[in-house]
Amino acid sequence: MMRGELNLPIGLSVKAANTNDDPFMAQLFYSTKTLFYELGLPSEVVEIMLEQQYRLQQASYREQYPNANTYILFYHQQAVGKVMLDISEYRIHLVDFIIIPSMRGRSFGSAILAAIKQEALKRHLPVGLSVEAENTRAKKLYLQHGFKFESCSETHELMRWDGLT
């Protein structure tokens with residue numbers, strides 16, 4: 001998916017991520033792992049654990065989705081999130097999608113999902129994703145956008161949108 005192809009509302013834009021974006025993407029990851037902060041451990045220990053978890057996640061993504069592209073989301077030049085997409089001849093897979101907590105609830109997620117679905121329609125592809133089972137807010141958003149549950153494990157649920165039928 002090319003940046004210029006996305007049909008986004010005024011003020012919202014994307015750019016391809018690069019190594020300079022790593023600190024921002026790590027902070028996004030940390031913002032989703034609030035449980036670590038609630039363990040009562042010293043902050044230095046929590047930071048080490050989060051850094052290790054982030055590095056493991058990124059290595060896993062590189063292995064599972066070697067052709068995926070990561071984009072940084074901006075709202076009026078302020079970085080507000082990221083989206084990672086793996087596009088194949090069979091589907092668009094939403095690998096990772098995070099909006100910073102202070103910017104959630106402003107329809108950015110809906111705008112990005114609408115743009116991904118529009119791209120999927122152009123390519124005649126379904127959109128798949130995996131969401132953490134306890135992430136009720138994300139699941140609600142995906143359901144509002146027509147995604148359906150396909151399967152689930154103890155930790156994740158697979159969802160799919162097929163606007164072609």
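**Figure 1. Lining of the largest pocket in the predicted model.** Strand β4 gives the most to the lining of the largest pocket, with seven residues. The structure shown here and in the other views is a predicted model. The space in this pocket amounts to about 1400 Å³. The pocket is lined by 41 residues, of which Thr32, Phe97, Val131, Asn135 and Ala138 are the closest to its centre. The elements that give two or more residues to this lining are the helices α1 (22–31), α2 (34–37), α3 (43–64), α4 (108–123) and α5 (136–144), together with the strands β4 (92–99) and β5 (127–132). Sorted by class, the lining of the largest pocket holds 17 nonpolar, 16 polar and eight charged residues.

**Figure 2. Lining of the second largest pocket.** The second largest pocket contains about 310 Å³ of space. Its lining is made of 15 residues, and those closest to the centre are Met25, Gln58, Arg62, Thr70 and Met84. At least two lining residues come from each of α1, α3 and β3 (78–87). Helix α3 supplies the largest share of the lining of this second pocket, namely five residues. Eight nonpolar, three polar and four charged residues make up the lining of the second largest pocket.

**Figure 3. Buried residues of helix α1.** Met25, Ala26, Leu28, Phe29 and Tyr30 are the buried residues of α1. Against which elements do the buried residues of α1 pack? Their partners are the helices α2 and α3 and the strands β2, β3 and β4. Phenylalanine 29 has a relative accessible area of 5% and is therefore buried. Tyrosine 30, with a relative accessible area of 15%, is also under the 20% limit and therefore counts as buried.

Figure 4. The model has five aromatic pairs. In one of them, the ring centres of phenylalanine 29 and tyrosine 30 are 6.2 Å apart and the ring planes stand at 70 degrees, so this pair is edge-to-face. The angle decides the name, because planes over 60 degrees apart count as edge-to-face. Tyrosine 30 also forms an edge-to-face pair with tyrosine 54, with 6.4 Å from centre to centre and 80 degrees between the planes. This second pair links distant parts of the chain, since tyrosine 30 belongs to helix α1 and tyrosine 54 to helix α3, 24 residues apart. Both tyrosine 30 and tyrosine 54 are buried. Through these ring pairs, Phe29, Tyr30 and Tyr54 are linked into a cluster.

Figure 5. Glutamate 157 is located in strand β7 (residues 156–161). Is glutamate 157 buried or exposed? Its relative accessibility is 14%, and because buried means under 20%, glutamate 157 counts as buried. The side chain of glutamate 157 makes a polar contact of 3.2 Å with the side chain of lysine 139. Residues up to four places away in sequence left aside, glutamate 157 touches Leu129, Ser130, Val131, Ala133, Lys139, Phe149, Ser151 and Cys152.

**Figure 6. Glycine 128 in strand β5.** Glycine 128 is part of strand β5. With a relative accessible area of 8%, glycine 128 is buried. When neighbours within four places in sequence are left aside, glycine 128 is in contact with Ile92, His93, Leu94, Met159 and Arg160. How far is the C-alpha atom of glycine 128 from that of glutamate 51? The two C-alpha atoms are separated by 27 Å, and the residues are 77 residues apart along the chain.

**Figure 7. Two histidines with positive phi.** Histidine 76 is not a glycine, although its phi is positive, at about 50 degrees. Histidine 76 lies in the loop between β2 (69–75) and β3. Its relative accessibility of 47% falls between the limits of 20% and 50%, so histidine 76 counts as partly exposed. Histidine 124, likewise a residue other than glycine, has a positive phi near 60 degrees. The position of histidine 124 is in the loop between α4 and β5. Histidine 124 has a relative accessible area of 59%, which is over 50%, and is therefore exposed.

Terms used: Residues numbered from 1 in each chain as written. Heavy atoms only, no water. Helix = DSSP H or I, 4+ residues; strand = E, 2+ residues; numbered from the N terminus. Buried < 20%, exposed > 50% of the residue type's maximum accessible area, 1.4 Å probe, protein only. Polar contact = N/O pair within 3.5 Å; in protein donor to acceptor, adjacent residues only side chain to side chain. Contact = heavy atoms within 4.5 Å. 1 Å grid on protein atoms, 1.4 Å probe; cavity = no way out; pocket = protein on both sides within 12 Å on 5 of 7 lines; lining within 4 Å. Points joined across faces, edges and corners; volume = space filled by probe spheres on them. Nonpolar A, V, L, I, M, F, W, Y, C, P; charged D, E, K, R; others polar. Phe/Tyr/Trp six-rings, centres within 6.5 Å; stacked < 30°, edge-to-face > 60°.
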